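Here are my notes on the model you sent. They are meant to be read with the structure open beside them.

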Protein chains: 2
Amino acid sequence: MSEAKPVTAAAEEPKAEQDASAPSSKKYEYLDHTADIQVHAWGDSLKESFEQCVVAMFGYMTELDKVDIDTEKTSELEVSGTDLLSLLFALLDEFLFRFSAEDFLVCKRVEIVEFDTTNWKIRVRGYGEPFDLAKHPQGTEIKAITYSNMQIHDDQPTHDVYVILDI
Amino acid sequence: MSEAKPVTAAAEEPKAEQDASAPSSKKYEYLDHTADIQVHAWGDSLKESFEQCVVAMFGYMTELDKVDIDTEKTSELEVSGTDLLSLLFALLDEFLFRFSAEDFLVCKRVEIVEFDTTNWKIRVRGYGEPFDLAKHPQGTEIKAITYSNMQIHDDQPTHDVYVILDI
């Protein structure tokens with residue numbers, strides 16, 4: 001897993017001093033690349049689609065079949081937004097932040113206990129166990145959730161949601 | 001190397017029939033991802049920058065140190081454009097096409113023998129040998145050259161060019 005941060009090509013400027021010191025036989029270099037994956041989740045309700053979307057995010061990091069549920073490590077969190085899109089973003093973002101910065105909890109089951117689309121608030125529990133390389137195959141690091149082309153089709157019978165993740 | 005073609009997220013529509021047949025416990029899937037690498041090449045002249053850019057493309061496919069020059073396999077080709085950008089695009093695109101569709105020639109040295117910026121035409125020779133997995137480590141497949149954010153800084157002393165490649 002590369003630690004390189006995605007950069008937009010626009011941010012790149014010629015680096016004259018670097019070029020001058022390069023050997024004359026090789027006058028090129030490879031700059032940071034970007035990569036992303038699109039998650040498509042669905043459910044019998046929008047609530048279930050959101051839950052599935054979180055599980056899908058963790059499923060990309062490792063094989064969830066190898067993850068057990070340690071009930072003592074249950075994560076409970078609350079997120080808020082200003083509409084459905086920002087609510088889904090906040091949900092994923094908060095789980096990703098907690099994973100990276102705090103408990104490394106890989107959630108194989110996610111349960112939204114409060115899905116408030118009036119005040120745009122979600123209260124949710126995540127069940128799993130902390131990531132352990134000895135037990136869990138290393139998948140792909142997810143660097144960020146993106147707003148780009150996020151879609152929520154609540155009018156569909158399968159309540160499809162689409163989210164692009166930076167990897 | 002994945003054969004998946006990059007798709008824009010906009011092209012994705014809910015696939016209701018597919019969703020319906022999915023097991024109820026797993027209601028998510030991962031859709032095609034996109035990835036790219038930015039090549040930065042430079043030289044004492046723009047001609048050299050263009051040559052280096054082609055070499056850089058092949059250098060991403062394998063280790064050029066492992067590539068010998070088979071003079072009987074020299075590739076000679078001609079491309080044209082309507083300006084500098086389209087000329088560079090055509091140059092890279094033609095080499096990539098030839099590689100994929102015809103001779104699998106990995107060029108470790110590239111020589112532009114005619115660099116006509118009046119009629120936007122390039123005549124060029126590529127030196128190397130056909131790609132051979134027994135000899136050449138497999139790098140990353142380059143799927144396409146992109147026009148996106150292509151840059152040519154001919155006013156710089158190092159004549160920097162930047163090209164994003166889809167991988």
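1. Start with A:Val54 and its contacts. Leaving aside residues up to four places away in sequence, A:Val54 touches A:Leu91, A:Leu92, A:Phe95 and A:Val110. Keep in mind that this is a predicted model. A:Val54 sits in helix α2 of chain A, which covers residues 46-61.

2. Is A:Val54 buried or exposed? A:Val54 is buried, because its relative accessibility is 0% and the cut-off for buried is under 20%. For chain A as a whole, buried residues account for 46% of the 167 residues.

3. Next, the layout of chain A. The chain holds three helices and seven strands. Along the sequence they come in the pattern α-β-α-β-α-β-β-β-β-β. Take the contacts in chain A between residues at least 6 apart in sequence: 69% of them join residues at least 24 apart.

4. Chain A has an open sheet of three strands, ordered β2-β4-β3, and the pairing is antiparallel. β2 (75-80) and β3 of chain A are the edge strands; each has a single partner strand, so one side of each has no neighbour in the sheet. On average, neighbouring strands of this sheet are turned by 25° against each other, ignoring direction. Helix α2(A) packs on the sheet and touches β3 and β4 of chain A. The direction of α2(A) makes about 160° with that of β3(A).

5. Look at the β2(A) pairing in detail. Over six bridges, β2(A) pairs in the antiparallel sense with β4 of chain A, residues 121-130. Which residue in β4(A) stands opposite A:Val79? The residue is A:Ile122. Helix α3 of chain A (residues 84-103) lies across β2, β3 and β4 of chain A. The angle between α3 and β2(A) is about 140°.

6. Now chain B. Here too there is an open sheet: three strands in the order β2-β4-β3, with antiparallel pairing. Its edge strands are β2 (75-80) and β3 (105-116) of chain B, each pairing on one side only. From one strand to the next, the twist averages 25°. β2(B) pairs with β4 of chain B (residues 121-130) in the antiparallel sense, over six bridges. In that part of the fold, B:Glu78 stands opposite B:Arg123 in β4(B).

7. Two helices of chain B go with these strands. Helix α2 of chain B (residues 46-61) lies across β3 and β4 of chain B, at about 160° to β3(B). Helix α3 of chain B (residues 84-103) lies across β2, β3 and β4 of chain B, at about 140° to β2(B).

8. Last, the largest pocket. Its volume is about 370 Å³. Of the 18 residues that line it, the closest to the centre are A:Val55, A:Leu64, A:Lys108, B:Ser25 and B:Tyr28. Which elements give two or more residues to the lining? They are α2 and β3 (105-116) of chain A, together with β1 (28-41) of chain B. The most comes from α2(A), with five residues. By type, the lining has six nonpolar, five polar and seven charged residues.

Note on methods. Residues are numbered from 1 along each chain as its sequence is written. Chains are lettered from A and ligands numbered from 1 in the order in which they are written. This is a predicted model: local features need pLDDT of at least 70, side-chain atom pairs count only at pLDDT 80 or more; totals for chains, interfaces and linings use all residues. Side-chain values use heavy atoms; hydrogens and water are left out. Helices (H or I, at least four residues) and strands (E, at least two) are DSSP runs, numbered from the N terminus. Buried means under 20% relative accessible area, exposed over 50%, partly exposed in between (1.4 Å probe, protein chains only). Contact means heavy atoms within 4.5 Å. Two strands pair if DSSP finds at least two bridges between them. Axes are lines fitted to C-alpha atoms, for helices over the stretch in contact, and angles run from 0 to 180 degrees between N-to-C directions. On a 1 Å grid over the protein atoms alone, a cavity is a set of points where a 1.4 Å probe fits but cannot get out, and a pocket is an open set with protein on both sides within 12 Å along at least five of seven lines; lining residues have an atom within 4 Å of a point. Grid points are joined across faces, edges and corners, and a volume is the space filled by probe spheres set on the points. Ala, Val, Leu, Ile, Met, Phe, Trp, Tyr, Cys and Pro count as nonpolar, Asp, Glu, Lys and Arg as charged, and the others, Gly among them, as polar.
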